[in-house]
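Keep the coordinates open and check each step.

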Amino acid sequence: MERTVTRVAIVGGGPGGLYAAALLKRLDPGREVTLWERNAPDDTFGFGVVLSDETLGGIEHADPQVFAAMKEHFTRWDDIDIVHRGTRHTSGGHGFAALGRRRLLGILHERCAELGVELNFRTPAPDPARLMAGYDLVVAADGVHSTVREACASVFRPVVERHRCRYIWLAADFAFDAFRFEIAETEHGVMQLHGYPYADDASTVIIEMREEVWHAAGFDEGDPAASVERCAKIFSEALGGRPLRSNNSAWTVFRTVVNDRWSHENLVLLGDAAHTAHFSIGSGTKLAVEDALALAACLRERPDTASALAAYEEERRPVVASTQRAARASLAWFEDLALYLDQPPRQFAFNLLTRSRRVTHDNLRLRDAHFTEAVEREFGCAPGTPPMFTPFRLRGLTLRNRVVVSPMDMYSAEDGVPGDFHLVHLGARALGGAGLVMTEMVCVSEEGRITPGCAGLYDARQAEAWRRIVGFVHAQAPGTAIGVQLGHSGRKGSTRRMWEGLDEPLLDGNWPLTAASPLPYRAGSQTPRELTRSRMADIREQFTAAARRAARAGFDLLELHCAHGYLLSGFLSPLTNLRTDAYGGSEERRLRFPLEVFDAVREVWPEEKPLTVRISATDWAEGGNTAEDAVRIARAFAAHGADAIDVSTGQVVADERPEFGRSYQTPFADRIRHEAGVPVIAVGAISSWDDVNSLVLAGRTDLCALARPHLYDPHWTLHAAAEQGYEGPGAVWPAPYRAGSRRPNTGRTDAPRPRLSLGR
């Protein structure tokens, strides 16, 4: 029978552990709650704590007394200052509340003592096994280096990822008047200051830099006091010449903690023991306090401990995962800060503010319209024009907006011939307002198909069918460009249509496959033949023949598909190219055949028309291509004349481990854009017009390709214009559709409003 939770052991006396102790005791005053903390009560390794209004609301609701004590000591402010190359830009309307960490701990100590929690300071907790045997519930809130978690690592299966920057927590004896980010470009490299007030006379100051900069600057040598003095000198302008102080502060590396599970029997992880989020989004204490609130609520609502701990994890894990994704994006932005130093000042500030994707163009406009409009003007937006509706030029083609209908395989062709379905599918999306509509991957040979339903450009009938579709787009959707994506399936061909079994071999009617190396895509897949030199020459000619047909059909842009494990992608990845000849081995050799195909296509493709390349910027697999490799691959194609790189990821090997999330592939495009200096198309989980505006205005991409949103709504772009109140050349409604260019009213709007209210 399940034991009632009458005895609770808590390991760790940070805000999360203390607040959990107070809540659990308050919910059941008869409950015995004991807490162990190995440090002294006033020991703390930070200075200020920032909490969101949402978290404070939860505290106020659960324990008004704690909230009232905290509220007395809050420092509140609205502004963020970004200082770079001597220029300060301020964005307002953000709303922060902070207090001193020691003050917060003191409030929680008092509350726990008042409620009758037994607090044991300077006392290591007993062994986890002993605690689990002697208590009904054990809460491990002992931080990022949790000894409890490590003792039970085989159960929790933690993954601790070490990142690339060093940082140190310090304080200054004055209050910044805003959340301040300041960039210092030193002889050793880029350093940054994160600062915010937590009292009327005190601010937290975090100094951060890449590890190689930290070493080059000599911060790894000498005594800590000298480090603190040097930091104060480097950021003397931000500090007004004042010193910095330490609290046993040491340079450290941030570690992201993820656990496969958060509970085991009657033991549960809370706060940094379960998960961490980078300080640049200020969420460590916030998450720990929210964990405590959720754990206490689940224990109260559920009939037994097991179901309560399961409910706690089910409730908190999605919230934490979302926060960790945002924190990872923010962390990576600061790691790669040097990429953005040459951006125009306001764009740099906007990029910093929107780095985590939690702050976007739309909500920044609500917070501070003046700042956002200034960024837009600097970017080149005409008055009233959202960034997504600014034009973009590729070679001789000017796109009227930044929206691309991404290539989407429809598997609905007959003998490679696109039919009425394709006319309606592509025609509808062209009428829907996108700047560029892309075909699915159009195969250059019958053997190069993925499925029997794939479209092709390897015979005259197919070419004529495509000419009909292109003609419709040009005639009925003037201003919309249409592009063709050419590819060859390689080892991923001869499979069923997606809805019949993705990547599953055909039940009958299979055709032989060819690839860089004789490796099947996955168990049960057909093993391809390794391409000979003569077959490579044949395939190169197939690409050029298809390109000629595409030009005659009138396509405005051509894209070469070198991604997703198809034939050309298979040459690029070291996981799929095991050749020992001149086309395998080093990166330069693996690039050789894709570049030969690119050069051959460029030669026959009209000079004034752009030629782009889609790549997988990472294989998401050990030993495969990485983001660093992708930059070099992009540079190679750009050097051969590629007008833009369409940046996707993965689908190269079946055992990949992608890290999905909102606009999760954009950081790869961003990096290629800034390091390789070539225009990019970002793609992957970009779903809202707000995302498009944010990414374009921040300079992380030039164009945004959206797939599923255009399946959901063929007129996605026109509706995005209507929802933003935009009417201009970047989104022109077809004449027959103009009557529908405003969002329809929903529900009754003519009901009389109350005119008089009488009191009792």
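**Exercise 1. Compare the span of helix α4 with its expected span, then find what the helix packs against.**

Step 1. The model is predicted. In it, α4 covers residues 101-115, which is 15 residues.
Step 2. From first C-alpha to last, α4 reaches 21 Å.
Step 3. List the buried residues of α4: Leu104, Leu105, Ile107, Leu108, His109, Arg111 and Cys112. Residues three or four places apart on an α-helix point the same way, because a turn takes 3.6 residues.
Step 4. Find the partners. The buried residues of α4 pack against the helices α1 (15-27), α3 (64-71) and α11 (284-301). They also pack against the strands β3 (48-51), β7 (96-100) and β8 (118-121).
Step 5. Gly116 follows α4 and has a positive phi, near 100°.

**Exercise 2. Identify the residues that touch the most other members of the largest nonpolar core.**

Step 1. This core holds 88 residues. Leu486, Phe637 and Ile672 touch the most other members.
Step 2. A second, separate core has 66 residues, including Leu105, Ala141, Leu270 and Leu309.
Step 3. Take Ile672 and skip neighbours within four places in sequence. Its contacts are Ile615, Ala630, Val631, Ala634, Val647, Gly677, Val678 and Val680.

**Exercise 3. Is Asp459 buried, partly exposed or exposed?**

Step 1. Locate Asp459: the loop between β20 (436-443) and α17 (460-476).
Step 2. Its relative accessible area is 24%. Buried needs under 20% and exposed over 50%, so Asp459 is partly exposed.
Step 3. Check its side chain. It reaches the backbone nitrogen of Arg461 at 3.1 Å.

Key: Residues numbered from 1 in each chain as written. Predicted model: local features only at pLDDT ≥ 70, side-chain atom pairs only at ≥ 80, totals over all residues. Heavy atoms only, no water. Core = buried A, V, L, I, M, F, W, Y, C linked by side-chain atoms within 4.5 Å. Buried < 20%, exposed > 50% of the residue type's maximum accessible area, 1.4 Å probe, protein only. Contact = heavy atoms within 4.5 Å. Helix = DSSP H or I, 4+ residues; strand = E, 2+ residues; numbered from the N terminus. Polar contact = N/O pair within 3.5 Å; in protein donor to acceptor, adjacent residues only side chain to side chain. Expected span 1.5 Å × (residues − 1).
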